[in-house]
Amino acid sequence: MATITTEVATTARWDDVQHALTGGGDGASCQCIWPMLRNKDWNETTTPQRTEMFREEIAAGPPPGIIAYVDGEAAGWVRIGPRPRQARLAYTRAIVAATNESFDDESVWAVTCFVVRREHRGSGLNQELLSAAVDFARDSGARLIEGYPVDTRGAKQHSNELFHGTLSTFLANGFSADGELKPGRPLVTLDLAA
């Protein structure tokens, strides 16, 4: 049976973050910078620029996410952090309309990206990543965590559309559906103060 562990992303783990992101899908080109930029700014960046932005973000701290390891090999990634630092969210009309939380509140954190290497998909890594992300947010003083997952109970989804996470993963980690961004895309929350 495989051993799954998780660690926060630090400069010392940069190569592991890159390994987790480059196992299939859009992670290699996105570099998990998509949530950090408004659309117009995103469209003006290249992959090398995003890679450098991500490297600088990790170096500056605090850690912007969690790496999952399977038997010591980096296999997955989740971005979690204060919602105000993820600029795209305040400019996404559906999120603005669905949330009850102020976009200035640093105690509101958001989970915005999951990546699992192709060879490890379907093994429960997202569940492990989200659990570790919740613990990290709680230990870092977060009051509430939001997520914007895909409800996979409807039409079949392409794996590249699942970077938001799945509703079932969030529900299994204690989140509740508190709004809807659009059909098949709920807003979920976990109140860490409760």
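Residues are numbered from 1 along each chain as its sequence is written, and side-chain values use heavy atoms, with hydrogens and water left out. Since the model is predicted, local features need pLDDT of at least 70 and side-chain atom pairs count only at pLDDT 80 or more, whereas totals for chains, interfaces and linings use all residues.

**The second largest pocket**

A pocket is here an open set of points on a 1 Å grid over the protein atoms alone, where a 1.4 Å probe fits, with protein on both sides within 12 Å along at least five of seven lines, and its lining residues have an atom within 4 Å of a point. Grid points are joined across faces, edges and corners, and a volume is the space filled by probe spheres set on the points. The volume of the second largest pocket is about 350 Å³, and 17 residues line it, with Trp34, Arg88, Thr92, Ile95 and His164 lying nearest its centre. At least two lining residues come from each of α3 (39-42), α5 (87-90), α6 (93-98) and β6 (176-182), where helices (H or I, at least four residues) and strands (E, at least two) are DSSP runs numbered from the N terminus. The lining comprises 8 nonpolar, 4 polar and 5 charged residues, with Ala, Val, Leu, Ile, Met, Phe, Trp, Tyr, Cys and Pro counted as nonpolar, Asp, Glu, Lys and Arg as charged, and the others, Gly among them, as polar.

**Cysteines and backbone**

A search of the whole structure finds 0 disulfides, a disulfide being a pair of cysteine sulfur atoms within 2.5 Å. For Cys30, the nearest cysteine sulfur is that of Cys113, 5.8 Å away, while for Cys113 it is that of Cys32, at 3.6 Å.

| Residue | Relative accessible area |
|---|---|
| Cys30 | 15% |
| Gln31 | 1% |
| Cys32 | 1% |
| Cys113 | 6% |

Gln31 is in the loop between α2 and α3 and has a positive phi near 60 degrees although it is not a glycine. Cys32, which lies in the loop between α2 and α3, likewise has a positive phi, of about 55 degrees, without being a glycine. The peptide bond from Gly61 to Pro62 is cis, with omega near -5 degrees, and Pro62 is placed in the loop between α4 and β2.

**Two buried helix residues**

Glu57, in helix α4, is buried at a relative accessible area of 19%; leaving aside residues up to four places away in sequence, Glu57 touches Ile33, Met36, Pro64 and Arg79. Leu125, in helix α7 (residues 125-139), is buried at 2%. With residues up to four places away in sequence not counted, Leu125 touches Ile4, Ala68, Val70, Ala75, Gly76, Val116 and His120.

How values were computed. Buried < 20%, exposed > 50% of the residue type's maximum accessible area, 1.4 Å probe, protein only. Contact = heavy atoms within 4.5 Å.
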